[in-house]
Amino acid sequence: MPLAHAAADVSGARWERQLEQDGVTATVSIEPLTADGLQGGAPARVRVTLSSTADGSALPRLLPGVWFDAQERAGAEGGDAAACQRRVARYARGSGINPQALVDLNGYDVLALNADASISVLDPRTQFAGKTSLRATLPLPGPGFDWAATADDRLLWVTVPGSRAVVLADLAALRSLQTITLPGRPGRVRVEPGGARAWVGVLAAEGEAQRGGVAVVEASAPYRQQWLPLSGRGHVEMAFDPAGWVALTQRDAGEVVFVDPTTLQVAHRERLDAAGAMPLSVVFDAAARRFVVAEARGGALWVFDHRGRLQDRLNLAPGIGPMAVSPDGRWLLVANPAAHQVDVIDLPAWRHAHRVPVSGRPFDIGMTGAYAYVRALDSEAVSLIALASLAAAPRVQPIAMGERAPGLTPQLPLASQLVPMPDGTGSFVASPGDNAVYFYMEGMNAAAGSVSARGHEVRAVRVARRGLREVAPGVHEMQVELPDTPHMVVALATESPRTRQCTALALKPAPTAAGEGWQLAWEQFPVQHGRPLSVRVHGVAVESLPAALHLRLFQPGAAALQLVAHADGGGRYSAEVPELADGLWYVHPQTPAGARTPWGYVSFMRGAATR
């Protein structure tokens, strides 16, 4: 096994190694993204190029496993093939009791959208002896309603109707970047192809003269937004042609609006020729390059080409709504909660293929390569429709996910309760009534287990991949933060053909960050009337402390209170609190500029002696 294993002098330059084994050449490069070079804690771009050793041709769809870890001692890794095999095997097992690499470029997180104005970031591998799977918690200014991520899962957009805002979060750093105020209450959010902007549907509030519309928000500072007014006031849905226009529907407007994303000007409008038309959803059929709109009141699918010209109409039954296209583009599934069924459309033939009965008002559809997952309001079970069976007679299998139906939980968000696993072998399913996220492996007769966001009320679920992305045939990239270790091992593995390779890399030490010792201690909570909220900051010189700290205090589903805690000396701060209702309260501190690590939130029970 010929391995390049010498440590490099990385005084700031790009690092590259070429590794060869069993006919596969892997070129691994790490490029610094700052003038500080390759040092611990600094951002860098990792690129892995896989090619044939024989002729240099690219090897597409051969996903490499890559890990960064600390070297036990300088020069220890060398060309020791057995040590490399053991190292990769240990990483690949990936359970909560096995030591993990410092940086894993292959895993993913499960994100739970909670009712208490937060997002829980869960590690699905950690399930041993009750050990918590919670990696981090991202606070929101209010309960989230819908979310969407960029294709690389680096940025996450979350709409917060109660605060008239959309929140942009960095999933790589697990922190919120910006809260952007909108002209009204946001609903649906979608990220345009390329990820440079998010399109946010905005509803007009009762009594307001302004119409609804879409806010188009940039994903980088200063987060500028442009406003596209629409003719109605209701819920907005959108679909993108990656090479052309954006189709917008509004529930109460009865028309489809086509927008040129390069100019953000309305290019075409097409009114649905139906009395009281109510368009509820829109999808883009990439194979035929056309938009399909589900109109609920008349129960018809309207088809428009990529230039907004009406092509066809397919009558189904009143009440249709959510739609999803199978990964291969063959089938369109349309949920009809009113009729307790899912209609299956053969897209290439443009015909109605099947009517599949689903007990309990279907409202949410998820897809893997093998199955469509259908969630119903009045059933705890998820109906699995085998996609391969749709060419003949549909095969449906109900799988129980918890004990309580989703419809028993009030104020469900728009965000989906279904998300496929990144490897396509199963799905995660949120069960708000059971306050759990179940994971199901395809082929089983029951859920394989669950992960829990302890202390939170789960409403929706999605996954965020942490791994490399194939940006060109055989070329895989991602941006990472390098581990803070002077001697690093880069481990690489592929499965078909099976390779295991390791090489060493020396990093410059991370600089001592100013303010990294900032720590927050919660001293007293207003669990009874008349008590202040008291905190203490330590780990930093007193003269560096601010004169006040800003806190946000709220109960789930209620408006937040903005509090200012003033310095009392010695690092202690206190805030007078108005009369509070009994029950569970959350406190989110605003981290001062000097602190390197974001401060976590806490909760307490009002009217009780314990927190």
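Phenylalanine 68 is in contact (heavy atoms within 4.5 Å) with a set of residues that, apart from its neighbours within four places in sequence, consists of Ile30, Val46, Ala101, Leu102, Val103, Leu105, Val480, Leu482, Pro483, Met488, Val489 and Val490. The structure is a predicted model, in which local features need pLDDT of at least 70 and side-chain atom pairs count only at pLDDT 80 or more, while totals for chains, interfaces and linings use all residues. Residues are numbered from 1 along each chain as its sequence is written, and side-chain values use heavy atoms, with hydrogens and water left out.

Phe68 is also one of the residues with the most contacts inside the largest nonpolar core, together with Ile30 and Leu105. A nonpolar core is a set of buried Ala, Val, Leu, Ile, Met, Phe, Trp, Tyr and Cys residues joined through side-chain atoms within 4.5 Å. Buried means under 20% relative accessible area, exposed means over 50%, and partly exposed lies in between (1.4 Å probe, protein chains only). The largest core has 25 residues. Two or more residues each come from strands E1 (15-21), E2 (24-32), E3 (43-52), E4 (65-70), E39 (475-481) and E40 (487-495). Strands (E, at least two residues) and helices (H or I, at least four) are DSSP runs, numbered from the N terminus. A second, separate core has 24 residues, among them Leu520, Phe525, Leu553 and Ala565. In soluble globular proteins, nonpolar side chains tend to be buried together.

The count of disulfides (pairs of cysteine sulfur atoms within 2.5 Å) comes to 1. Cysteine 84 is joined to cysteine 502, with an S to S distance of 2.1 Å. This pair links distant parts of the chain, since cysteine 84 lies in helix H1 (residues 81-93) and cysteine 502 in strand E41 (residues 498-506), 418 residues apart. The torsion about the S-S bond is about 85 degrees, so the disulfide is right-handed. Both cysteine 84 and cysteine 502 are buried.

An open sheet of 4 strands has the order E29-E30-E31-E32 and antiparallel pairing. Two strands pair if DSSP finds at least two bridges between them. Strands E29 (362-367) and E32 (396-400) stand at the edges with a single partner strand each, so one side of each is left without a neighbour in the sheet. E29 and strand E30 (residues 371-376) run antiparallel and are joined by 5 bridges. Proline 362 stands opposite alanine 376 in E30.

In the whole structure, 23 salt bridges are found. A salt bridge is a side-chain nitrogen of Lys or Arg within 4 Å of a carboxyl oxygen of Asp or Glu. Arginine 47 forms one with glutamate 477, the closest N and O atoms being 2.5 Å apart. Here too the pair links distant parts of the chain: arginine 47 is in strand E3 and glutamate 477 in strand E39, 430 residues apart. Arginine 47 is partly exposed at 24% relative accessible area, whereas glutamate 477 is buried at 17%. Arginine 14 and glutamate 16 meet in another salt bridge (2.8 Å, N to O). Arginine 14 is partly exposed, with a relative accessible area of 44%, and glutamate 16 is partly exposed at 37%. In the salt bridge between glutamate 457 and arginine 459, the closest N and O atoms are 3.2 Å apart. Glutamate 457 is partly exposed at 41%, and arginine 459 is buried at 11%.
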